[in-house]
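Please look through the sequence and the structure below before reading on.

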Amino acid sequence: MRKLLIGAPLITVLLTLVGVGPPARANRASPQTRIVSRDSSILSALSSYFTKKELEAGVYVGSEYCIACHPDYAGWRDTLHADALIRPMVKWSLVPGKGVLADYDNNGVDDFVQGLDFNTISSPFDQYKPNAPKLSVKNGQYTITIGKLDMPVVFVKQWRWPDTGEWFQLFAVRVPVADSPTGYTSAVYSSPLDYVTEGNTWEAYAPEAWYGSDNQPLFGPAAATSQVVPVGESWDQNCAGCHASGTRSVSQNSRGEWAFQPYPATIYNVDDPGYFDYDGDGNKKIMNIGCESCHGPGSQHILGLHDPTKIVNPAKLGTHDANQICGQCHSVIASTPTGVIGWPYQESTGMSWLPGSGEQLRDFATAAEVWWPDNKIGIDTSQYPEFYNSTKPSFQFHPVRCTECHDPHKATGNPAQIVSSIAAGSLTISTRVEDNTLCLACHATHGSFANITQQQVADYADNRTAIGAVVESHSHHPYGPERAMGLSRCTGCHMATTGGPDELKLHTHTFEAVPPEKTLKYQDQGGMPNACALSCHRSKVNSFDLGLDSDPVTVWDNAFEKSLATALQAYYGPGGKWWDTAKPAGNARAAASFVISKPSGSSPHSGSHFQHRCTRRQSALKPKTGPGP
């Protein structure tokens, strides 16, 4: 038994970091957090939450245990992985990354604390007056009221746009119902409003889930769960598996509602908004993307005296197995075989895909991506399948891993967690997207950049002119990547923001400079974006005396887009002056063994059970499902 006791160094760290408490009884407030004593053991603490069978199989214990022994990775706490979901707390009001940022009138008071009533202002909810949402904080609980429904905000889902640094926040609630023992739905649902810090703007989020065609609330205090389920965006069914470290269970109750059970947080900082009671049983949960999301459940590693064979080290996995770890969430995929659950999950076994299991992600998932007409560029959040539509996983110099460009362990000064340096032999090259060093750190010495050395990239400031001359010969544009226009910036052409209306600030991961000919080729299907237009020529530079286009960026079949694509194609297209796309470029599609199949039932996007944020709001598009890796 001695080998299971917490070691003194670990206890010392835990005493300064976290609180721990016994599990609360269902539907009752969690007891006062207490500090674990030096004589307590991890086994004893975990045994109060898990059965012996669960412990033997391995359970998720949370990142605080990991950081206690691996303090070098404490920077994880500052990443979007750690705080994509936060419990709204007045303590953190208006603190970026930690609290509610809504302040529509810019008066320095968050709109919930202020008690904003949308019935008294002009907003996207005008048509729903006098039943437009009202915001409040009641006894510390953030609340949204619609009609006679007071809905507690369980958490805030937030995202920070990579290029602008602006924040998006969506508020998730539990809905009062008459047929539940607790008086509330078991599942958590997306509320009808979200907030964007850019312009201090409130937006209506899928209001049709809350209001009828008569603009009256769909639900009253006597509503049954069965009224909420068909129209509500359920996090338990569609989202939670990719926003928590581990799925303890997900099941459908007698009221037809899916209930997701995450793992309990046995140690946590009581002021950390990233820990909250997701399922309403009174205990804080391990939410967000933590260490075990990539390394697998950590209990056996800890209880086995840090046995390295009892934890997954992605660095020691093959390239594809390592990339699958990112792909489990950085794609729009659903369960197999019917797609009823919105993450990689085998319905027959009740198991989610596990890192390092040796199993293929495709065996746990059905494709739910929405593609532009070429079936290669994603409209939705599809970085992983797009990546496998590129040549990177089979790159001739070495198969590329996601972690070569993204650092999962710490914030790096940008929301996308782009690495701040790359090791190249004995060199350490400082890397930034804005000056091309991120791309050139690997692409120097070969291909179009054979005349650039890695030493020059490492000493970028002293070699900018020489590097610029080589890049200009490739891009046929002046070299000014650091400027606002981003002239000859690698990602402007090869990673244009080709997503749908809510994803246009996310960069495509096919690394294809999407040619103007695709805009023209698919006009009968509504057209599709091209990198030249998106990055510059559509709204920034009137190079062809066509003017600039202010139409929504999802419209690619109007006269302007066709004229612009035609003009651009003379330079980049079949017979192009600068790039002749008629020349064979090879097949960039992934190997068939990586392909994820479509669901055997109806498409997850065709019904309300799998409504990803970006698919709910892309009404201006003509969505098309297609194959993915």
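Which side chain of opposite charge is nearest to Asp-103, and how many Å away is it? The model is predicted, with local features requiring pLDDT of at least 70 and side-chain atom pairs pLDDT 80 or more, while totals for chains, interfaces and linings use all residues. Residues are numbered from 1 along each chain as its sequence is written, and side-chain values use heavy atoms, without hydrogens and water.

**A buried charge**

- The nearest side chain of opposite charge to Asp-103 is that of Arg-160, 17 Å away; Lys and Arg count as positive and Asp and Glu as negative, whereas His and the chain ends are not counted.
- Asp-103 is buried (under 20% relative accessible area; exposed is over 50%, and partly exposed lies in between, with a 1.4 Å probe and protein chains only).
- Asp-103 has no salt bridge, a term for a side-chain nitrogen of Lys or Arg within 4 Å of a carboxyl oxygen of Asp or Glu.
- Asp-103 lies in the loop between β1 (85-86) and α6 (111-114); helices (H or I, at least four residues) and strands (E, at least two) are DSSP runs, numbered from the N terminus.
- Leaving aside residues up to four places away in sequence, Asp-103 touches residues including Leu-94, Tyr-195 and Asn-200 (contact means heavy atoms within 4.5 Å).

**Aromatic rings**

- The whole structure contains 26 aromatic pairs; rings of Phe, Tyr and Trp (its six-membered ring) pair if their centres lie within 6.5 Å, and planes under 30 degrees apart count as stacked, over 60 as edge-to-face and the rest as tilted.
- Tyr-128 and Tyr-211 form a stacked pair, at 3.9 Å centre to centre and 15° between the planes.
- These two residues are 83 residues apart, with Tyr-128 in the loop between α6 and β2 and Tyr-211 in the loop between β7 (201-204) and α7 (225-228).
- Both Tyr-128 and Tyr-211 are buried.

**Cysteines**

- There are 0 disulfides in the structure (a disulfide is a pair of cysteine sulfur atoms within 2.5 Å).
- For Cys-239, the nearest cysteine sulfur is that of Cys-242, 8.9 Å away.
- Cys-239 is buried, at 15% relative accessible area, whereas Cys-493 is partly exposed at 38%.

- Strands β2 (residues 134-138) and β3 (residues 141-146) pair in the antiparallel sense over 5 bridges; pairing requires at least two DSSP bridges.
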